[in-house]
Structure formats: structure tokens, C-alpha cells
Amino acid sequence: MPVTDKDVLYEDNHLIAVCKKAGDIVQIDETGDEPLDEQVKKYLAIKYNKPNSAFLGVVHRLDRPVSGVILFAKTSKALERMNAIFKNREVKKTYWAIVRKKPVKTSGTLIHWLIKNPQKNVVTAYAEEVPGSQRCELSYRLIGTLNDYYLIEVDPLTGRSHQIRVQLSTMGCPIVGDNKYGYPRGSRKGSICLHARRLQFIHPVKKEPVNIFAELPVDGFWEKFEGF
């Protein structure tokens, strides 16, 4: 589905944020499916009557089965500055995840060392540093319970590939639908119950606080957790 006004969460002369749907890819991959960055380019070209397309830089990424806030840069200057903001960890990212097993501790910090197998696109977490591994860290807290499902809010400090998915699974709480990381079955919708809920940072040009918030997907399940 093409990007429309209702998908846009934030926009100014420098940045645009949209609510990514689960199943969308952010950038082109081997599937050949149209990526979200190309959809946003088309949206901007039509909106601002730019027949030769518009500049759009990918600031960060979300896994294909994940929904929620994703940010793009509309100028090369904004892209460079946002890359620095992410690299220096000057952005606060908040995710919501739904699991079936209640965490032993209702809040805490998880630290692991990750190694990715690029052939299988699977990440393995280790409790101690091993050769070739990358350190990752997140904090979490249990914020709600509904019909034997548990809603966890996650704040990752680092931004490693599949980090939240593999760390929660290693804690014994695989995300609903994420059969790659321990949930018994996958979703027929090609999604997992992980949603990028909020993105907060200081604007790279205006130097003002930016707080971008994404409503939960309307799919007959997620919206039941909107009140938490």
C-alpha cells in the first residue's frame, strides 16, 4: 500500500517520520519488494510536485515484521546530523512487546553479546563476551497484563540487529509470533508483536525536542493494549 498523509507521524523541512506497517521492508533487499524508503520518496514527490523524485536518507531501520515509528531525513545535512545523533546514542527509543510468559522480574536491565549469522539472518546472544561479538543493552518493565498476555515496554540503549527479539527470548520471554526466536508459531500476517512506540531526540537543525509517537496497529489484537 502506498504511503499517505495518515501514515505520516511528523514532518518538517528536514525530517519525515512515518508509521511502518509490519511486513514492510525499509530498504531494498533480495526479495525485490518495494521498500518503504521508495514509497516515502513517491509520497514526497507527489506532495511537493517533484517529478525527478526527492532526496530521502535512511536514518535507522526496523526489522520487516516490526511496526512503528521510522525516521527519514529529507536533506543530506539532516541525514549527516541524525546519523551522528544515533551513533552517539542521543536518541531515546521506546518499544512495546507482547509476550506469553511473564518475566521473572517485572523490570530490569539485560546485557548480552551478540553474533549474527548473515547466511541464516539469525542472531545468537551470549552472557559473556566472545570473539566477534557486539555488546548490547536494554532496559524493560512490565506495564500490563491482558488474558494471559504480558505487555513489556523496552528501552534499548544500543541498536543491534534483532536485539530486542533475541534478548527477550534469552530472558525466556519470546515475542508473540516470533518463531525465529523461540515462539512456538509464526503469524500468518508476517508480523510479530513488537512495535516501535516512540522516538525522542533533539532536532538536528532546530535544536528543539522532538517526540514522535505511533499508535498501535489496528489488527484485532494490538489495539486491545492501547489503554496501558
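1. In which sense do strand 2 and strand 4 pair, and over how many bridges? The model is a predicted one, and in it strand 2 (residues 15-20) and strand 4 run in the antiparallel sense, joined over six bridges. Within this pairing, isoleucine 16 stands opposite phenylalanine 72 of strand 4.

2. Strand 3 (residues 57-58) pairs with strand 4 in the antiparallel sense, over two bridges, and here glycine 57 stands opposite alanine 73 of strand 4. Strand 10 (residues 194-202) pairs with strand 4 in the parallel sense, also over two bridges. In that pairing, glycine 68 has alanine 196 of strand 10 as its bridge partner.

3. Strand 4 itself spans residues 67-73 and is mostly covered, with seven of its seven residues buried. Strand 4 also supplies at least two residues of the lining of the second largest pocket, as does strand 2.

4. Helix 3 (residues 163-170) is largely enclosed by the rest of the structure, because six of its eight residues are buried. The buried residues are Gln163, Ile164, Arg165, Val166, Gln167 and Leu168. They pack against strand 5 (92-99), strand 6 (107-117), strand 7 (122-126), strand 8 (134-146), strand 9 (149-156) and strand 10. After helix 3 comes glycine 172, which has a positive phi, near 100°.

5. The largest pocket holds about 1,200 Å³ of space. Its lining is made of 38 residues, and Arg61, Leu62, Asp63, Arg160 and Ser161 are the ones nearest its centre. Helix 2 (76-87), strand 5, strand 9 and helix 3 each give at least two residues to this lining. Sorted by class, the lining has 15 nonpolar, nine polar and 14 charged residues.

6. The second largest pocket has a volume of about 790 Å³. It is lined by 30 residues, among which Lys189, Ser191, Pro217, Asp219 and Trp222 are closest to the centre. The classes here are 14 nonpolar, seven polar and nine charged residues.

7. There are 14 salt bridges in the structure. One of them joins the side chains of lysine 21 and aspartate 7, at 3.3 Å from N to O. The pair links distant parts of the chain, 14 residues apart: lysine 21 is in the loop between strand 2 and helix 1 (36-47), and aspartate 7 is in the segment before strand 1 (8-11). Lysine 21 is partly exposed, at 33% relative accessible area, whereas aspartate 7 counts as buried because its relative accessibility is 7%, under the 20% limit. A network of salt bridges links Lys6, Asp7 and Lys21.

8. A salt bridge also forms between glutamate 38 and lysine 41, whose closest N and O atoms are 3.5 Å apart. Both residues belong to helix 1; they are three residues apart, so about one helical turn separates them. Glutamate 38 counts as partly exposed, at 31% relative accessibility.

9. Arginine 141 and glutamate 153 form another salt bridge, with 3.1 Å between the closest N and O atoms. Arginine 141 lies in strand 8 and glutamate 153 in strand 9, so the pair ties together parts that are twelve residues apart in sequence. Of the two, arginine 141 is partly exposed, with a relative accessible area of 44%, while glutamate 153 counts as buried at 15% relative accessibility.

Conventions:
Residues numbered from 1 in each chain as written. Predicted model: local features only at pLDDT ≥ 70, side-chain atom pairs only at ≥ 80, totals over all residues. Heavy atoms only, no water. Buried < 20%, exposed > 50% of the residue type's maximum accessible area, 1.4 Å probe, protein only. Helix = DSSP H or I, 4+ residues; strand = E, 2+ residues; numbered from the N terminus. Pairing = 2+ DSSP bridges. Contact = heavy atoms within 4.5 Å. 1 Å grid on protein atoms, 1.4 Å probe; cavity = no way out; pocket = protein on both sides within 12 Å on 5 of 7 lines; lining within 4 Å. Points joined across faces, edges and corners; volume = space filled by probe spheres on them. Nonpolar A, V, L, I, M, F, W, Y, C, P; charged D, E, K, R; others polar. Salt bridge = Lys/Arg side-chain N within 4 Å of Asp/Glu carboxyl O.
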